[in-house]
Amino acid sequence: MRTAIFDLDGTLADTSEDLIAAANACFDAPVLDPVADRRLAFRGGKTMLRAGLERLGMPDEDEVERRYPRLLDFYTDNLDRHTRLYDGVEPALDALAAAGWRLGVCTNKPHDLAEELLTRLTIRPRFAAMLGAGALPVRKPDPGHLLETITRSGGQRERAVLIGDTETDRDAARNAAVPCVLVSFGPE
């Protein structure tokens, strides 16, 4: 059976505004711009914190680690305030399912947050498997994260594809010897 594994942030949904708001809550000021820094949002919470601290003249990895739990708490409470599925996502998922494809999600978003977001966006039941950060001891671009998502979706590596939006997705697919499609409709 053919299997399509999707990334979440920047591929299925535009989560950037909520992610940037969570980072800015850690600075008590709008250090990151929701428009100019959209791409930065999809590189992870700690990357956003590093960028913000550098802008404040405080580049310090210990400070990133100290502020990260606050980012997660704020994001958990405001998970889908502005987040929306990209246009065409639901029809594309419907078309793939109708054609007999198995669907899954492989994301570096913390597992519980990804589960909750997909549920709130009402698309979680469409996916046979969803593995976020923390569900395994590895995460993208480690091939184990993608390969386990394929397996739990009921698929096989030889008949799977990863659909994502970043170099991390591309590298995960390459490392797993799986074809990759990178979407171009997300932030520029």
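Visitor: Which residues have the most contacts inside the largest nonpolar core?

Guide: Before we look, keep in mind that this is a predicted model. Here's the general idea: in soluble globular proteins, nonpolar side chains tend to be buried together. In this structure, the largest nonpolar core has 42 residues, and the ones with the most contacts inside it are F6, L12, L32, M48, L118 and F127.

Visitor: Let's pick one of those. What does L118 touch, leaving aside its neighbours within four places in sequence?

Guide: L118 is in contact with L8, L12, V105, I123, R124, F127 and M130, once those sequence neighbours are set aside.

Visitor: Now for helices. At what angle do the axes of α3 and α4 cross?

Guide: The general idea first: two packed helices are described by the angle between their axes and the distance between the axes. Here, α3 covers residues 45–55 and α4 covers residues 61–77; their axes come within 9 Å and cross at roughly 125°. The two helices are therefore oblique to each other, and their crossing is right-handed.

Visitor: Which residues make that contact?

Guide: On the α3 side, look for G45, K46, M48, L49, R50 and L53; on the α4 side, look for E61, E63, V64, E65, R67, Y68 and L71. Sorted by class, the residues of this contact are six nonpolar, one polar and six charged.

Visitor: How does α1 cross α4?

Guide: Helix α1 runs over residues 16–25, and its axis comes within 8 Å of that of α4, crossing at roughly 135°. That makes α1 and α4 oblique, therefore, and α1 passes α4 in a right-handed crossing. From α1, the contact uses D18, L19, A21, A22, A23 and A25, while α4 brings R70, L71, F74 and Y75. By class, the contact of α1 with α4 has eight nonpolar, no polar and two charged residues.

Visitor: Is α1 mostly covered or mostly open, and what covers its buried residues?

Guide: Mostly covered: eight of the 10 residues in α1 are buried. Those buried residues are S16, D18, L19, I20, A22, A23, N24 and A25. What covers them includes β2 (13–14), α2 (38–41), α3, α4 and β4 (102–110).

Visitor: How do I read a single residue? Is L93 buried or exposed?

Guide: Check its relative accessible area: under 20% means buried, and over 50% means exposed. L93 sits in helix α5 (residues 89–98), and L93 is buried because its relative accessible area is 1%. Leaving aside neighbours within four places in sequence, L93 is in contact with F6, L103, R126 and F127. F6 and F127 are also among the residues with the most contacts inside the largest nonpolar core.

Visitor: And V35, buried or exposed?

Guide: V35 is in the loop between α1 and α2. With a relative accessible area of 65%, V35 is exposed.

Visitor: One last residue. Where is T149, and what does T149 touch?

Guide: T149 lies in helix α7 (residues 143–152). Its relative accessible area is 0%, so T149 is buried. Not counting residues up to four places away in sequence, T149 touches I5, V105, C106, A129 and L131.

Key: Residues numbered from 1 in each chain as written. Predicted model: local features only at pLDDT ≥ 70, side-chain atom pairs only at ≥ 80, totals over all residues. Heavy atoms only, no water. Axes fitted to C-alpha atoms, helices over the stretch in contact; angles between N-to-C directions. Helix = DSSP H or I, 4+ residues; strand = E, 2+ residues; numbered from the N terminus. Parallel < 35°, antiparallel > 145°, perpendicular 65-115°, else oblique. Left-handed = near helix turned anticlockwise from the far one by under 90°. Contact = heavy atoms within 4.5 Å. Nonpolar A, V, L, I, M, F, W, Y, C, P; charged D, E, K, R; others polar. Core = buried A, V, L, I, M, F, W, Y, C linked by side-chain atoms within 4.5 Å. Buried < 20%, exposed > 50% of the residue type's maximum accessible area, 1.4 Å probe, protein only.
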